[in-house]
Amino acid sequence: MLRSLVGSEMCIRDRNSMDRRQIKTRNAIFQAFTELLTRRRYAQITVQQIIDAANIGRSTFYSHFPTKEALMEALLTELFGHVFAGVGVHCPIPEFTPQGNGYRAYTTHILYHISNQREAFMRLLRSDSRDIFLRYLKEHLKLQLGEYWLNHEEGERPAVPSDFLRNHFACTFVETIHWWIENDMRQTPEEIAGSFTAVMDPLLGR
C-alpha cells in the first residue's frame, strides 16, 4: 500500500545499490507502520511492534528514525510531498492537469491524488489513528499550501491575520476530505472542490 502512496521506487534506479537497500528498508518500515495504524491507535503502537512487523533489527530502525514520532513525521512528509509534488506543474495523474494559479485548481489536484489512492486513504482515515493523521495533514497543508494558496488569489486580502486564513483553509479542507471519504467518495474531485470553494470564496470577498 505505502509503495503506491509515496512513489519512492520511481527514483531508485537513479541511485546506487546502498541507497536502494536503504530505501527498501525505509519503505518496509513505512509499510509496517501504516498497516499497524489501520489496526491500532497511534499511542498503542510501540517501536518494537514496528520492528517486528518490518522484520528488521532494532539498530536498523534507529539508524533511520530516532523515535516513533520522527517516523510519523517522515511518513506524512513522504506521503504529502508526493501528493503535492505536481502542484503548479504537470500532474502525473492522467485524469487531471491543473490550470492557472487559483486555489480551486490546487485543491482539485490534491483530491485527484487522494481519489487515485482511495483505498489507502480510506483505511487511514477510518482507523483509530485518524485524529493524529488529520492533525498532521492540517499542519502539512498550512505549511506547504496555505500561504501559497493565498498569495495566488487576486483581489484585496480580508482584514484578518494571514495565519488565521491559513489555519481556516487547512482545517476546512481537511474536514472536506474527511467528509468525502466518510461518504465513500461518491462525488468527483471537481464537485468536492466546487463545494470547498463555495464555502471559502465569501471569506476571500469573492
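Which residues in α6 meet which residues in α10? In this predicted model, Tyr-103, Arg-104, Thr-107, Thr-108, Leu-111, Tyr-112 and Ser-115 of α6 meet Pro-189, Glu-190, Ile-192, Ala-193, Gly-194, Phe-196, Thr-197 and Met-200 of α10, where contact means heavy atoms within 4.5 Å. By class, this contact has 8 nonpolar, 5 polar and 2 charged residues; Ala, Val, Leu, Ile, Met, Phe, Trp, Tyr, Cys and Pro count as nonpolar, Asp, Glu, Lys and Arg as charged, and the others, Gly among them, as polar.

Residues are numbered from 1 along each chain as its sequence is written, and side-chain values use heavy atoms, with hydrogens and water left out. Because the model is predicted, local features need pLDDT of at least 70 and side-chain atom pairs count only at pLDDT 80 or more, whereas totals for chains, interfaces and linings use all residues.

**Overall make-up**

The protein has 10 helices and 0 strands, these elements being DSSP runs numbered from the N terminus (helices H or I, at least four residues; strands E, at least two). Of its 206 residues, 46% count as buried, a term that means under 20% relative accessible area, with exposed over 50% and partly exposed in between (1.4 Å probe, protein chains only). Among the contacts with a separation of 6 or more, 66% come from residues 24 or more positions apart.

**The nonpolar core**

The largest nonpolar core holds 47 residues, of which Phe-33 and Phe-61 touch the most other members; such a core is a set of buried Ala, Val, Leu, Ile, Met, Phe, Trp, Tyr and Cys residues joined through side-chain atoms within 4.5 Å. Two or more residues each are given to this core by α2 (17-37), α3 (47-54), α5 (68-84), α6 (103-116), α7 (118-125), α8 (130-151), α9 (162-182) and α10 (189-200), and the most come from α9, with 7 residues. Leaving aside residues up to four places away in sequence, Phe-33 touches Tyr-42, Ile-45, Ile-50, Lys-68, Leu-71, Met-72 and Leu-75.

**Packing around α10**

The axes of α6 and α10 are 9 Å apart, at an angle of about 140°; axes are lines fitted to C-alpha atoms, for helices over the stretch in contact, and angles run from 0 to 180 degrees between N-to-C directions. The two helices α6 and α10 are therefore oblique to each other, given that angles under 35 degrees count as roughly parallel, over 145 as roughly antiparallel, 65 to 115 as roughly perpendicular and the rest as oblique. Within α6, Thr-108 is buried, with a relative accessible area of 4%, and its C-alpha lies 9.8 Å from that of Phe-196, 88 residues apart in sequence.

For α9 and α10, the angle is about 145° and the axes are 11 Å apart. This contact involves His-168, Phe-169, Thr-172, Phe-173, Thr-176, Trp-179 and Trp-180 of α9 together with Pro-189, Ile-192, Phe-196, Val-199 and Met-200 of α10, and by class it has 9 nonpolar, 3 polar and no charged residues.

Most residues other than glycine have a negative phi.
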